[in-house]
Amino acid sequence: MPTKQNSLFAALRLLPLGAAVTAVFLSGASVASANPHMLVDVSTGRVLEHEEAFRKWYPASLTKLMTVYTTFRAIQAGQISLDTPVVMTKHAAAQPAAKMYFKPGQKMTLDSALKMMLVKSANDLAMAIAETVGGSEQGFVAKMNAEAARLGMTSSHFINPNGLPGKGQYTTARDLAIVTVALRREFPQYAGYFALEGFTNGVKQVPNINLLIGRYNGADGMKTGFICASGFNQIASATRNGRTLISVVLGTNSLAERADMSADMLEKGFTTQLPGNDTLQTLKPYGPGQDQVADVTNEICSAKGAQMRSETRDPTGRMKILSPYIHERTREPIFTYAGLIGGPDAAADKASVQDGTQPGLGDVAGIPVPQPRPTN
């Protein structure tokens, strides 16, 4: 008899429709393909493919990669360590979902906080980490913007560490690629944080919402994100034969579509000799949307958007993954330990496994997206 976890991941069924479907995603036939995307070789910084790379966009939970980068820089400088306690403050606990629902005063190591934040995209933990590293949200945000400027992210500005929407929070596909490449190049010792299949506190298990992890050959990161104003976003990474590529996909219509487009772009990069010699640093600004942040709320959080998402599920509620490069898991996911100092809290632990079903703002919260159903 299949286990509960086997049933859950078996629910993400592949419906491979072949190269014709892949061509639809890459030809511009879908709404998403007209939105910003980019494919980059990490070792050379060479841009293999790009569209609307300088269009300003709300980063949503992709912001958490900037939070992680700023945190790693603080570790590198000797200001904190992975064993540093992260304390949940009232301000952090009050952040909207997606979240862990930990109570003010509860503690975990920075190592556990990073694991839970990256797997679950927890807004409360992003804030708690920020307050630990920067002394306050404002202090940490100042560090984020200073690091972004140092990296050459010329079209980015951050107002919080978790990506919740607000005036003054914006980025571009090109800038997101810059910080992602920096994470992979400067901190290879921490690459495992982005490839986690899930975490457990010893009682409950929370899987990674990144549909490429464990399902696309070589997938090893990085982060997903959603708010109504930005749509479904994903930065994906994969490594084959020592070569790492990253893809940035912004503004898709669903969880399935962002995974499909990410996998198709990565596969194209690994199997096709793509023209162009521009790097992230030499690529010149181009195209519309450089002066105003795009807002796709009317397309995403609307009856039309809900209808589009319903079409990414089959009649039993199983997600329809169209990319032929995403396969079903062949084994149970590996869950890494991450929990509170002193053991799990029962109330917080119960909420933690709801993983995106709570109303609010976060990676997949607050929108009419059905969850995969267990099947035999």
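This is a predicted model: local features need pLDDT of at least 70, side-chain atom pairs count only at pLDDT 80 or more; totals for chains, interfaces and linings use all residues.
Okay, let's start with the five-stranded sheet. It's an open one, and the order across it is β2-β1-β9-β8-β7, with antiparallel pairing. The edges are β2, residues 47-51, and β7, residues 219-227, and each of those pairs on one side only. If you compare neighbouring strands, they're turned by 10° against each other on average, ignoring direction.

β7 and β8 make a hairpin, with 3 residues between them. They run antiparallel and are joined by 8 bridges. If you want a pair to click on, take K223, whose bridge partner in β8 is I235. Next along, β8 covers residues 231-240 and β9 covers 243-252, and these two also pair in the antiparallel sense, over 8 bridges. There, Q234 has V249 of β9 as its bridge partner.

Next, the cysteines. The structure holds 1 disulfide, and it joins C228 to C301, with the sulfurs 1.9 Å apart. Which parts of the chain does it link? Distant ones: C228 is in the loop between β7 and β8, while C301 is in the loop between α10 (297-300) and α11 (303-310), and the two are 73 residues apart. The link is left-handed, with -85° about the S-S bond.

While we're around α11, have a look at L322. That residue is in the loop between α11 and β10, and β10 is residues 336-337. L322 is partly exposed too, with a relative accessible area of 23%. L322 and A256 are 66 residues apart in sequence, and their C-alphas are 7.9 Å apart in space.

On to the other sheet. This one is open as well, with 3 strands in the order β6-β5-β10 and mixed pairing. β6, residues 205-207, and β10 stand at the edges with a single partner strand each, so one side of each is left without a neighbour in the sheet. β5, residues 198-200, and β6 run antiparallel and are joined by 3 bridges. In that pairing, G198 has P207 of β6 as its bridge partner.

The helix across this sheet is α5, which lies across β5, β6 and β10 and runs at about 130° to β5.

α5 also has a helix partner. α5, residues 110-120, packs with α6, residues 123-134, at an angle of about 145°, with the axes 9 Å apart. The crossing is left-handed. Which residues make the contact? From α5 we have L110, A113, L114, M116 and M117, and from α6 we have L125, A126 and I129. By class, that's 8 nonpolar residues, no polar and no charged ones.

Technical notes: Residues are numbered from 1 along each chain as its sequence is written. Side-chain values use heavy atoms; hydrogens and water are left out. Two strands pair if DSSP finds at least two bridges between them. Helices (H or I, at least four residues) and strands (E, at least two) are DSSP runs, numbered from the N terminus. Axes are lines fitted to C-alpha atoms, for helices over the stretch in contact, and angles run from 0 to 180 degrees between N-to-C directions. A disulfide is a pair of cysteine sulfur atoms within 2.5 Å. Buried means under 20% relative accessible area, exposed over 50%, partly exposed in between (1.4 Å probe, protein chains only). A crossing is left-handed if the near helix is turned anticlockwise from the far one by less than a right angle, and right-handed if clockwise. Contact means heavy atoms within 4.5 Å. Ala, Val, Leu, Ile, Met, Phe, Trp, Tyr, Cys and Pro count as nonpolar, Asp, Glu, Lys and Arg as charged, and the others, Gly among them, as polar.
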